[in-house]
Amino acid sequence: VQVMQDVWNLCVFFKMATKLGLTVLDRGSLSAARELEDFPLRLFPEWRLPLLVAACLMGFFYFYLLIRDVIYAYVETGQDISYRIMISLANKVFPIVSLVMLSLCYLPGCIAAFLQLYRGTKYKRFPNWLDRWMLCRKQMGLVALGLALLHAIYTFIIPIRYNNKTTPFYFDNKEAWGTDSFYVLGILGFFLYLLLGLTSLPSVGGSLSWREFSFVQVGSTLIEFLL
């Protein structure tokens with residue numbers, strides 16, 4: 001009888017909080033009070049792992065390209081191209097890390113599917129590392145989208161930063177075709193990135209059926225990697 005009374009009181013409280021415009025979340029008994037008190041003091045806990053992974057990848061690829069493109073060229077030929085460090089090298093790092101982060105966004109789902117097939121059931125709990133990885137997939141995708149946006153901005157900056165008007169203009173039809181094709185594929189790829197980001201929003205993804213959501217996510221991702 002006491003249990004039924006507690007459940008009834010809880011339902012009444014939920015209805016009252018909902019009418020006040022609040023979102024109700026049952027966190028269990030009073031033993032969870034210490035955890036709830038720490039919520040206002042948390043600083044982006046879901047973003048720590050994606051940002052750490054992105055920072056490590058950017059540092060690794062940046063120093064690798066720095067050694068290969070700048071330091072090696074200076075040692076071998078004595079040519080000083082250190083001016084490329086700020087924009088050109090960064091513009092090479094952004095798309096690489098963006099695609100890696102996009103891969104890391106979808107990889108845990110594949111691992112989880114194979115693990116469920118291996119176990120023969122979907123009701124067993126995933127390992128802690130895989131569970132944490134899957135919980136931050138959306139953040140990894142948003143980091144990848146942000147890096148793709150930086151790559152697009154840097155790409156449009158590069159042609160105008162050292163514009164020398166005294167240099168004679170020479171038009172190469174073959175090079176023009178290659179440059180235009182490069183820009184078109186880049187724009188299409190960035191559009192697909194934005195499409196993935198928009199469908200990941202709860203307000204947009206909630207209005208789509210499961211088949212529509214899967215079609216956009218899988219199709220856009222495959223085309224993105226091909227581009």
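Q: Which residue forms a salt bridge with Asp131?
A: The model is predicted, local features need pLDDT of at least 70, side-chain atom pairs count only at pLDDT 80 or more, and totals for chains, interfaces and linings use all residues. Residues are numbered from 1 along each chain as its sequence is written, and side-chain values use heavy atoms, without hydrogens or water. A salt bridge here is a side-chain nitrogen of Lys or Arg within 4 Å of a carboxyl oxygen of Asp or Glu. For Asp131 the closest N and O atoms are 3.7 Å apart, and the partner is Arg125.

Q: Is Arg125 buried or exposed?
A: Buried means under 20% relative accessible area, exposed over 50%, and partly exposed in between (1.4 Å probe, protein chains only). Arg125 has 60% relative accessibility, so this residue counts as exposed.

Q: Which residues are linked in a network of salt bridges?
A: Asp69 pairs with Arg68, with the closest N and O atoms 2.9 Å apart. Lys92 also forms a salt bridge with Asp69, again with closest N and O atoms 2.9 Å apart. The network therefore consists of Arg68, Asp69 and Lys92.

Q: How many residues apart in sequence are the parts that Lys92 and Asp69 tie together?
A: Lys92 forms a salt bridge with Asp69. Lys92 lies in helix α4 (residues 88–119) and Asp69 in helix α3 (residues 48–77). Helices are DSSP runs (H or I, at least four residues), numbered from the N terminus. The pair thus joins parts whose separation in sequence is 23 residues.

Q: Is Asp69 buried or exposed?
A: The relative accessibility of Asp69 is 16%. Asp69 therefore counts as buried.

Key:
Helices (H or I, at least four residues) and strands (E, at least two) are DSSP runs, numbered from the N terminus.
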